[in-house]
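User: Hi! I am new to protein structures and would like to learn how to read one. Could you walk me through it?

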Amino acid sequence: QVQRALLALTIPLETLQAVKGRMLQAMRKGLSRQTHAQANVRMLPTYICSTPDGTEKGDFLVVELCQSRVRTLWVTLLGDGNQSPQVMYKIFNMPRDIMQGKGEALFDFIAQCVRQFLAGISSPQHRLPLGFVFPFSCRQTCLDKAELMSWSKGFSCSDVEGKDVVQLLQSAINKQELYHVNVVALMNDTVGTMMTSSMAGKPCEVALVVDTGTNSCFMAEAQQVEMAEETSGRMCVNTEWGCFGDDGTLSDVLTPYDQHVDQESSNPGEKRFEKLVGSLYLGEIVRHALTALAAEKVLFTGSSVTVLRTKDVLKTQQVLEITDNEEGMAKTRRALEALGLQPSERDCCRVQQICRAVVSRSAALCAAGLAAILSHMCQSRELERLVVNVGVDGELYRDHTRFREILQSVLAPECMATLLPSVDGTGLGAAMVTAVALRLAAQRHEVDRLLAPLRLSRADLERVQALMRREMELGLGRESNANASVRMLPTYVCGTPDGTEQGEFLALDLGGTNFRVLLVRVAQDGIHMASEIYVIPIAVTQGTGEALFDHIIECIMDFQLKQNLMDQVLPLGFTFSFPCQQLGLDKAVLLSWTKGFSASGCVGQDVVQLLREAAQRKQHLGLKVVAVVNDTVGTMMSCGYDDPKCEIGLIVGTGTNACYMEEMQNVGTVEGEQGRMCINMEWGAFGDNGCLDDIFTNFDRLVDEKTINAGKQRFEKLISGMYLGEIVRHILLEMVEKELLFRGKPCPKLQTRDIFQTKFLSSIE
């Protein structure tokens, strides 16, 4: 019978693995917005988004609501890596009637404790941030707003459930005229345990409390915490895992002894995991096991065992002492004799075995739960191996070596966890949470201040719109065109496609670091293209014009050779994505280079003529240039082939530009009033005349100064791919300098120009 009892209390490894799997499932259910309401493991967001980094400093007040007392603490952090925090505290015993009385009376009592404590230490009157340790299930919506979901642990104050306990405490504190005390953060004891357990500067990211009750928390990826709006970084999640199994998922682990304990509790059917693990229940599980064995006449034969029918007659502390290897037998005898039993040597031995089985099972279940958390962290961070510190607190962990050993043999082989005992997790931990919250708020404020100039209001954008419209009108006017920053260049493209176009054409596309040559067949069944991309070396883009156009002709000849087109003369369209004064469809004078080009001898020249001259130099005679177009015009025309209503082209790439079909009567720079003409705006230069100076930030100015065309293309430098990475790099440099990034450590790599590429922005966003 004893063997049967021990077997029932021993969980095989396969079952523990299954428990871990079920815990993982329950955690995911709690994290999901869709299934959260039905979840037993609630996975409550705590709005704590960082662990301490050692720079925290200042004075902090902590109030901890305990089982039957209130503890107040004054904690001073020195910014020394939290090596030597200074702590003063006082404990106030709470009258029993307050725990079951009115909520207002409870919070008034807590506030009075705070006032007495501060009076006793002659505290200064400067603003005092307060951290509130409130060890009950709350629905938090931010760090300083939490509604009590339900009381437990003997509390049942009226008018508190469903209300914001932070506001209740702050109101009570204000009633005491302590207007300099501000409740900044609310947390439970588990979170405090995590915040105080750090080793060698490495943050602790998981905590486990195994005390009267049990709970855990960990730093989850914020985007997975669907009940919170936060989507970046990490957030501490309070699992509330004591309720795991309330839906029957632990039925294969429960023994008849557990069922008796549950039925006799104040909340039958609830907190099933906690009742297998927490120290409040272990003595009771042992008592029911001993009662059953005594009834089967295998224990205490000849003794009256009536005493074993009395609830709580055997304390968990006694159970822990009985399991001791050295003095366990003597302590067993003393404990049993104190109950009026006359145990034999064999009785003592069997009682010790039962106690060990109950405590070992508690540790094994905690280990399975911890393994579920570690595996979840490893998977969600996409790591092959997770190395993490786990803060642990509670009498079961502190007082029982075997419990620690079982917990250490955690069922997550892909994770290496170091268990660290917490140092005053509730008091000091609450101060840490408060300090971290203030540090993050100060950093957030500084970051917001730094980024404020980049945030344009609707009014700002409407002003930019009005300025752009004014510059457009200046650009269209014959007399005012020369002074306009938006050049509004006529393209001599006077119609969009109608879908009847057919034939074979060559196309060139020059507008960035790559150059494309294409063969385009436009037929009834659609458009067919063959193309080749050629790289233009920087030495060529910034060398002589002759070298640049010679390189272009060489690429064309290479393409025609590969396509077997050397004997054909096909009409050619040349997309040339730089500001040009167009004098005809096949005549365009380059006004200025942009996008990092600076080839000499080209500005002021007809680019089609430069191409023809290069063809002659290379003795390539089959070149028939029909049209030179800007890439923006090309964009509009290619979309116009599918949709005749397309009348605007917009490019946002290496550079930026726009074009649109304008009424000829508005184009003062070209003769004629009838019809329409496509206007290449060249809006990249918008603001070069100073009209946008007040929206340029210091970061924009730093980027502009280092370009090869400083003071030019100012609008483009706010928008396009060539510059965004550099703007971000300069912002990051300032953040590093202000110790807002990388834990205040310098980052010399960021000094390298163009190291932060624009594609990183897209990936990160």
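Analyst: Let's go through sheets, ring pairs, charges over rings and cysteines in turn. This is a predicted model, in which local features need pLDDT of at least 70 and side-chain atom pairs count only at pLDDT 80 or more, while totals for chains, interfaces and linings use all residues. Residues are numbered from 1 along each chain as its sequence is written, and side-chain values use heavy atoms, with hydrogens and water left out.

User: Let's start with sheets. In what order do the strands of the five-stranded open sheet lie?

Analyst: First the general idea: helices (H or I, at least four residues) and strands (E, at least two) are DSSP runs, numbered from the N terminus. Two strands pair if DSSP finds at least two bridges between them. Here, the five strands follow the order 17-16-15-18-21, and their pairing is mixed. Strand 17 and strand 21 (624–629) are the edge strands, each pairing on one side only.

User: How do strand 16 and strand 17 pair?

Analyst: Strand 16 (residues 514–523) and strand 17 (residues 526–535) are antiparallel, with 10 bridges. The two strands form a hairpin, with two residues between them. To find your place, look for Leu-519, which stands opposite Ala-530 in strand 17.

User: And which way do strand 18 and strand 21 run, parallel or antiparallel?

Analyst: Strand 18 (residues 571–576) and strand 21 run parallel, joined by five bridges. In this pair, Thr-575 stands opposite Val-629 in strand 21.

User: Which strands does helix 18 touch?

Analyst: Contact means heavy atoms within 4.5 Å. For angles, axes are lines fitted to C-alpha atoms, for helices over the stretch in contact, and the angles run from 0 to 180 degrees between N-to-C directions. Helix 18 (residues 545–562) packs on the sheet and touches strand 15 (503–510), strand 16, strand 17 and strand 18; its direction makes about 130° with that of strand 17. Helix 19 (residues 607–617) packs on this sheet too, touching strand 15, strand 18 and strand 21, and its direction makes about 145° with that of strand 21.

User: What is the strand order in the four-stranded open sheet?

Analyst: That order is 14-24-23-22, with antiparallel pairing. Its edge strands are strand 14 (489–490) and strand 22 (648–652). Helix 20 (residues 631–642) packs on this sheet, touching strand 22, strand 23 and strand 24, with its direction at about 125° to that of strand 22.

User: What are the partners of strand 23?

Analyst: Strand 23 (residues 656–663) pairs with strand 24 (residues 676–680) in the antiparallel sense over five bridges, and Met-661 stands opposite Cys-678 in strand 24. Strand 22 and strand 23 are also antiparallel, over five bridges, and form a hairpin with three residues between them. There, Ile-651 stands opposite Asn-657 in strand 23.

User: How many residues of strand 23 are buried?

Analyst: Buried means under 20% relative accessible area, exposed over 50%, and partly exposed in between (1.4 Å probe, protein chains only). Seven of the eight residues of strand 23 are buried, so the strand is mostly covered.

User: Now for rings. How many aromatic pairs are there?

Analyst: Rings of Phe, Tyr and Trp (its six-membered ring) pair if their centres lie within 6.5 Å; planes under 30 degrees apart count as stacked, over 60 as edge-to-face and the rest as tilted. A search of the whole structure finds 17 such pairs. Take Phe-132 and Phe-134: their centres are 5.4 Å apart and their planes at 45°, so this pair is tilted. Phe-132 is buried at 0% relative accessibility, and Phe-134 is buried at 1%.

User: Why is the pair of Phe-136 and Trp-151 edge-to-face?

Analyst: Their planes are at 80°, so the pair is edge-to-face, with ring centres 4.9 Å apart. Phe-136 and Trp-151 are 15 residues apart and link distant parts of the chain. Ring pairs join Phe-132, Phe-134, Phe-136, Trp-151 and Phe-155 into a cluster.

User: Which ring does the charged end of Lys-595 sit over?

Analyst: A charge sits over a ring if NZ of Lys or CZ of Arg is within 6 Å of the ring centre and within 35 degrees of the ring normal. Lys-595 has its charged end over the ring of Phe-578, 5.2 Å from its centre. Arg-714 lies over the face of Phe-696, at 3.9 Å from the ring centre.

User: Last one: how many disulfides are there?

Analyst: A disulfide is a pair of cysteine sulfur atoms within 2.5 Å. The search of the whole structure finds zero. For Cys-378, the nearest cysteine sulfur is that of Cys-415, 4.5 Å away.
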